[in-house]
Amino acid sequence: MNQKAYNPFDTAKAQFDKVAEMLELDNGTRALLRNTMKEYHFNIPVRMDDGTVTVFRGFRVVHNDARGPAKGGIRFHPQETIDTVRALSMWMTWKCAVVDIPLGGAKGGVICDPHHLSSREQEQICRGWMRQLSRDVGPLQDVPAPDVMTNSQHMLWMLDEYETLRNGRYPGVITGKPVGMGGSLGRTEATGYGVMYTVREALKEMNIRPEDTTASFQGFGNVSQYAIRLYQQMGGTAVAASCWDQNDQRSYTFRKSGGIDMEELMPITDKFGAIDRKKAEKLGYEILDGGEWITQDVDILVPAALENEINAETVTSIKDSVKIIAEGANGPTTIEADKVLHERGIFVIPDFLANAGGVTCSYFEQVQCNMNYYWEKDEVLGKLDTKMTAAFIAVSELAKQKNLYMRDAAYVIAIDRVAQACKNRGWA
Amino acid sequence: MSIKQSEMDDLLDSLQERAKELNCFYQLEEVLIRHDLELPELFRHIIAIIPPGWQHPNICQARIIYEDAAYEPAGFKTPVAVLSADITIQEEVKGRVEVSYTESVPAGKDGFFLKEEKRLISTIADRIAGTILYRQLSGGTGIAAEKQKEHPLRDDTEWAAIMDMLLKSDKNLFIHICRKMLHYLYWNGIEEADTLLKQFEVKTTKDELEDCNRPSRKRTMLHLIDLSKEVLKVAQESFDSDRILRNIQKWIQEDKSRFLIRAIDDPNASISEIIDAISRYHTIVQEGFEIAPAMEKGLRVSLIRRFFSDQLEFINIAKQYIDIHDYYYIIKDLIFSPRSHGSLGGKSAGLFLASQIVKKHASAHPVLRDIRTPKTWYITSDTMINFLHYNNLEQVIEQKYKDMDEIIIEYHNIIQIFKNSPFPPEILRRLSVLVDDIGEIPIIVRSSSLLEDRLGAAFSGKYKSLFLPNQGSREQRLDALTDAIAEIYASTFGPDPIEYRKEKGLIDFFEEMGVMIQEVVGKQVGDYFFPAFAGVAFSNNDFRWSPRIKREDGLLRMVPGLGTRAVDRLSDDYPVLVSPGCPELKVSITPDEVIRYSPKCIDVINLKTHTFETVEVPQLLREQGDSYPLISKIISAVKDNHVTGSLSSLNIDFSSDDLVVTFDGIITKTPLVKQIFTLLQLLKREYRTPVDIEFAHDGDHLYLLQCRPQSHSGDLSPTPIPRDIPADKMLFSAQRYVANGTVTNVTHIVYVDPEAYSRAANEDELKRVGRAVSRLNQLLPKRQFILMGPGRWGSRGDIKLGVSVTYSDISNTAALIEIAKKTGNFTPDLSFGTHFFQDLVESSIRYLPLYPDDEQIVFNEAFLLKSRNLLSELIPEFTDLEQTIRVIDVPGQTDGRVLNILMNADLDEAVALFAEPGRIYARTHEKMTSITDISAPDEFWKWRYHMAETIARHLDVERFGVQGCYLFGSTKNATAGPASDIDLLIHFRGTPQQEHDLVNWLEGWSLTLAEMNYLKTGYRTDGLLDVHIITDDDIRNKTSYAVKIGAVTDAAKALPLTRAEA
């Protein structure tokens, strides 16, 4: 294949190299962290519904587990490549490190398309995957989780296979389970609340009272909805939120300058966070074009749905009033736009810090499972606050001290923590 | 009514009664000879035989009093009118036979009972007495003596007893049977028969026995009886008694059905006459009467023609499944005007046939046992004409010949006029009885036109179906019903069906409209009425979401509530799709997909407001979840992104749980999918063509609502694939996983080059490709561009192998094409559109996978890569992607041509080719015939017709000894499709050598035409001509296909021949 072709693992390594240079890491550490610790490639034979046998290819890649048991999702993807899995496992290492949870990074998957598989066949794949790896995953070794095209059902099949093989109950071997089956409360709120905890800390540092601020949100899904709720509890005024309209095949921004009211919007919002335009209009909302969320005269922007929403084109319409951008979505800002934000001095809370509430809650699920004691929601959210706040402060302090852009500071802190752990263990 | 008519009626009545009597006799005789029965048992048999022989069998009862004991049926009621006859044995009254009515009946001129009945009862009493005596004397020689006294023929065989009774009760039949016997003797070479036959001939020429009134025959009767007795004597001498008895029995039986044949085969008989005959038939059948198999088949065919359809394909199937007595149940629910000659129409025919097929096969397929059809009433098709005449609206029939513009404008007026026109009083009377019968149960009034749901032209959705809540006072309900029927009548003159008929070459067909009134399947839930779920199913799955699904696995579209939402494709909601042969492979896999593509709304009938409503599912569940039938199997609960399907009504909280419609429980825990799959396979096998069905489930039972040959609405029909397209006129061809359809008039191609895409430097660039496609989707003309790209459209996560788009980014394309191009020795998997499969289905966006590396596949990469790229002009901000995305203006690059994609799932082939706008493909053989473009739908028959005429013109009649050449079948009827053959009938009068030469000559034509047809349509046949050679004998004897010449219906058409000058 063409050398020039895009390879996600190359991109991930390049990003690491850049930060490694800043941290002046020694060659041994670089060599260790540039590559994955261990990889498993294996066959999963499955007896199909029609009686034939199909062999699926499974993977598990542990990038680094110096800081604790590895953690990462299992993807079902028809054209999975090992380099994608490698890149994703590396990102998991940094992500866990930035919020300072004691976990390493891993990723796994099976080459398959569940769209062409029956439920029973998918179950066989899950069980087959676990049979191959039961000695190498575990609550204290490596903890899988749902990812692209896998969900709680797949996790439960895998859990069951593991527990059968190990002759015991080990709910901590896997996360992403439903509540009551070893899942954690607070999962729905975690990401949205996490975003807002970091915003709160950012405002604190800027000496701005939340009550005096306004914010605009892109998207009205889970993340936005809980971010808005917490923001309003903090006293802030959310003036606008955008969302996708399936019927019209376009997005709209819903604006109410006095502040949008979650109690009146939720009943007219579907499961995908689409607000009923006509009903909203009756409730007195201004209906603007979907792109208008970014042009609002507000203090805070929260892109919380799509990638690349803030790009070279849209970045110019960001008003001078905007002081903070909290990246609730993954990769909402393009490289070009990021430069502009940096130059304009807008405080950006980078995605893998701002939306780390999700992975933190997974960690909590693991913790609760391992002690077989489950917390109330308040306790989960309280601990989440503590973790997110601490993580934010660490990154922000570093950025201030070393005069780094927030995004770079987050990477620096994450990679440094992992490098230190390796060093301390005598690995490098 | 004229006097003649009333005489006729009387005669008919008395004939009817005669048949009953005879049957009664015959059965009596059968019982009396059973020596194994004790007297009390014998009596019990007799009292069961008697009532059907009387005029009012339903309220008739019989009993026998013998030696102070009464033998009567269970539930014997106090009689209102009694007729009795004594049982006298050796001049001593030992008891009596009593026949009585339990309710009062109108008295005739002879009192409550007919003269014949009085005679009948005394005969019965005599026969009983005779039998008892016989038994008392049994063993002694006295029996023979006793017998001889009774029987003039002095014979102790059973047949003699029967003939004796016939002589007493029905002299005509006696003579008729004797004549038959005479013929039988003659055929068997008995000499005496010859002389007797001559005497019979002479005496009967003037008085044709069959058609004459009884009194005028009196003169010759005695003589005939004597002759007949002679015949019997000869028979007795010639054959053994068993043989005689068998024949007599057979002829008596045959005679019984004569009335039925006469009524049914008479083209002038009205529906009421046929109904009378059927009722009579039903009565005698219940009494154990059997009709000769050949005759029965003939009657079945005649009845199918009268009531259902004269389409031969239909008759062929229906004659195996619809018995004569089945009509007895239809006629009970039939509404018609007194002189009606109409039929029930296509939709009724289809449903009735399907339900019969299901019934007959239920023993072999236990899952079919529980399938029902809703209670249905029919209005005959000519009632519409009656309605038009009654209101002087005849001129509306000519509507179809007007310009489409006029038709559209005037249609609204027609609806109003129809709705304001009264129904003829006799129809109104029957409808008002019907309204009482139904009560306040919602009904659906459906069109059932003669053309609808036929094999070949399904008319799907062209005419109306109207739901009626059917609530309120009797007058209100009747008003609503007549309103609905009028609206259905008006729909015959709507622009849609007229257009469709023009397309199918059916415009000159005199369209009558039958109406079907059905109870809506469902239950009342709160104020609403609806079925638990309903849907449609197809034998062929033309929307496969996985290569593992075979076309024959079928397709099921299900929705909660009324099936309206499954029948139509919806823009804002989704039915649940299942492939019945492969139910494990679901369309929606992730919880996100399951939720997004679940039905959100439900159609119901609101019994309170008397309206048809669409309600949101969550709202309905909150209000009425607990009383919704089967609900725990219809919905799944979503919690923490986990979809749970195994629910029980005990663990659902309708007020707070997050519930979505998935039909998970229905699919996995009930036999529904198996029922539907078995049904589809069975009906497909019996119809000999794929079918589509509509169904509904009320929570207890599955109901079949409609069955017809699988229709291909508009753009979804299999398109002929021309073979003679030069490669430079083609863009690509495909031979794997092809669905049906045509995409025409494509002006722009958006081509994402697989190689350039795989070379993209980083993820951002790949994502920009998706964004560029999204922009183009907004800019290019809707449904006039196609998207062609590598691997999997809509990839998420690893987007290297497919452009990352959501449905909204591609929503305006006409077709989505995935290219599986080999890289190294690896061919990538395709998505089959799974990421937004249901969106594609609901918006009719065609999906097509291309495998350019396959053998014999055209993939015109040069055109795609070398044509001018408009990308930078359309979206300058994406100019950097010029190497990857190519936007091609097709007319600009091809001298004004457009791109058409022809897809044919039957052949599993597709082609994309350039053609002048408005044409399906470019002409290449301008001079072949005057009609070349046989790819257009109505050109199939025209071309065949033209070729048939050409053959006839070139046929050298002298050389081949040909007398005439006729055309019949689909070409003559203008229904030929791309795979049809041409049915020719050659009237031949020559030598075997000539016949040999003729066959050879025609074989040449046949092969040539087959090749031409293949080049134009892609349908391969061994020969296109189906030639039937008939001789003078055939014509004279009306054997073989000769019946087609001069036939009353569907006659063969003579083709002009070129004859040498005389």
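Just past the end of helix 1 of chain A, A:E24 takes a positive phi of about 50°. This is a predicted model, where local features need pLDDT of at least 70, side-chain atom pairs count only at pLDDT 80 or more, and totals for chains, interfaces and linings use all residues. Residues are numbered from 1 along each chain as its sequence is written, while chains are lettered from A and ligands numbered from 1 in the order in which they are written.

Helix 1 covers residues 8–23, 16 residues in total, and reaches 23 Å from its first C-alpha to its last, close to the expected 22 Å (1.5 Å times one less than the number of residues). Its buried residues are A:P8, A:F9, A:A12, A:V19 and A:A20; buried requires 20 or more other C-beta atoms within 10 Å of a residue's own, exposed 12 or fewer, and partly exposed is in between, with C-beta atoms placed from the backbone. Seen down the axis of helix 1 of chain A, those buried residues fall within an arc of 105°, so they line one face (the arc is taken over directions from the helix axis to the C-beta atoms). The face turned away from the buried side carries the exposed A:A14 and A:E21.

What do the buried residues of helix 1 of chain A pack against? Their partners are helix 2 (27–34), helix 3 (82–98) and helix 14 (406–425) of chain A, together with helix 28 (763–779) of chain B. Contact here means C-beta atoms, placed from the backbone, within 7 Å.

That brings us to the chain interface. There, 37 residues of chain B are in contact with 39 residues of chain A. On the chain B side, the largest share, five residues, comes from helix 28. By class, that side has 11 nonpolar, 11 polar and 15 charged residues (Ala, Val, Leu, Ile, Met, Phe, Trp, Tyr, Cys and Pro are nonpolar, Asp, Glu, Lys and Arg charged, the others, Gly among them, polar).

Back to chain A, which is divided into domain 1 (39–173) and domain 2 (184–428), with bounds from an automatic or database domain assignment. The contact takes 18 residues from domain 1 of chain A and 25 residues from domain 2 of chain A. Helix 3 of chain A gives the largest share of the domain 1 side, six residues.

Technical notes. Helices (H or I, at least four residues) and strands (E, at least two) are DSSP runs, numbered from the N terminus. Two residues are in contact if their C-beta atoms, placed from the backbone, lie within 7 Å.
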